[in-house]
Amino acid sequence: MPIFDFGGRHKSPRDIAKERLQVMLVYDRAHLDPGLVDALKEDLVRTVSKYSNFDINNLTIDFSQKDNQVILRIDIPIK
Amino acid sequence: MGKAFVITSGKGGVGKTTAVANIGTGLAMKGYSVALVDTDIGLRNLDLLLGLENRIVYNIVDVAEKKCQLKQALIRDKRLNNLYLLPAAQTREKDAINRDQMIEIIENLRPSFDYILIDCPAGIEQGFKNAIAGADYAIVITTPEVAAVRDADRVIGLLEANGFRDPVLIINRVRPEMVKKGNMLGIEDVLEILAIKLLGIVPEDEEIIISINKGEPIIFNNNKSKAGIAFSLIVDSILGEKVDWNNVFTEPTLIDRLRKFFNF
């Protein structure tokens, strides 16, 4: 930890623990391994890049949870 | 007819057995008749925490296999004559009992006891499935650490899938000073992540180690230690009293102390 910590640039171990848990539990609850999602992203990029007009550099993959259902959301902006 | 609670955690070493020994002793101190059931077959420990290890003759597997009567296997506590232990078998495997046998044992305890507390083994395999089979309510225990919280989440999912509608949570070994400095997950963090109702908080307390060494649950001298007070409040909470956990274990700030001193 730096002696001078201005403006909260450094996250506390408490915040890091919370963030890691929140991400981890989304994968756990969806019965998915994080590496699988990376693989999915690569496949998507490969497929989508065959077609023009898609901004694959800004493709995002997100999970959200609605009741007991985990939802995978893929956003691909159009140029 | 007695109510049966299972105390479970997923991860080992977070305080299941300690919680069972203390909550059970606390309920018995309030005058209720209590049976503690150790389902951790092969790794029996609840007897040690109660100081009853030298009194075991029969165990839960003997009862399941009808080698003895249920009454013969129940050991009466040293201090409280309304507290009993049904010990686990130490030299058998986890699958020495099946679900139906466990349900039958719990059902046979109900007429004689107000509360039946089931100490669940770590893990989510057969031992866990057995332990939850006969219970009406589930208490999940965790510590404010990433691995324990992750495992608690898994267990909560499995409990819900098995028809437990509202499992409640005990957060054990909390260190308020570390939380305040941003070095440990806080109560609200854990509750937000697990989305579950709080039953109680137990602060980290060296007295727990001493009490386990002596074989006497800490709640027995409940006003002398932080963890003892915490377990007493958890017992109150189980009995339906409203406990405000917000201010229980936060250290008073300088302002609080000044305010108290100058009475403003």
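**Interface and sheet**

The contact is built from 11 residues of chain A and 15 residues of chain B. The model is a predicted one. About 1300 Å² is buried between chain A and chain B, and 55% of this area lies on carbon and sulfur atoms. On the chain A side, the residues that lose the most area to chain B are Arg14(A), Lys18(A) and Leu21(A), which together account for 46% of what that side buries.

Charged groups also meet here. The rule finds six salt bridges across the interface of chain A and chain B. One of these pairs Lys18(A) with Glu192(B), with 2.8 Å between the closest N and O atoms. Residue pairs in polar contact across the interface of chain A and chain B number 11, counting pairs with both residues at pLDDT 80 or more. The side of chain A that touches chain B consists of five nonpolar, two polar and four charged residues.

Chain B contains an open sheet of eight strands with mixed pairing, in the order E3-E4-E2-E5-E1-E6-E7-E8. Strand E3 (75–76) and strand E8 (197–203) of chain B are at the edges; each has a single partner strand, so one side of each lacks a neighbour in the sheet. Elsewhere in the order, strand E2 (residues 34–38) and strand E5 (residues 115–119) of chain B are paired in the parallel sense over five bridges. Within this pairing, Val37(B) has Ile118(B) in E5(B) as its bridge partner.

A helix of chain B, H7 (residues 146–161), packs on the sheet and touches strand E1 (3–8) and strand E6 (137–142). The direction of helix H7 of chain B makes about 165° with that of E6(B).

Conventions
Residues numbered from 1 in each chain as written. Chains lettered and ligands numbered in written order. Predicted model: local features only at pLDDT ≥ 70, side-chain atom pairs only at ≥ 80, totals over all residues. Heavy atoms only, no water. Pairing = 2+ DSSP bridges. Helix = DSSP H or I, 4+ residues; strand = E, 2+ residues; numbered from the N terminus. Contact = heavy atoms within 4.5 Å. Axes fitted to C-alpha atoms, helices over the stretch in contact; angles between N-to-C directions. Buried area = accessible area lost by both parts, 1.4 Å probe. Salt bridge = Lys/Arg side-chain N within 4 Å of Asp/Glu carboxyl O. Polar contact = N/O pair within 3.5 Å; in protein donor to acceptor, adjacent residues only side chain to side chain. Nonpolar A, V, L, I, M, F, W, Y, C, P; charged D, E, K, R; others polar.
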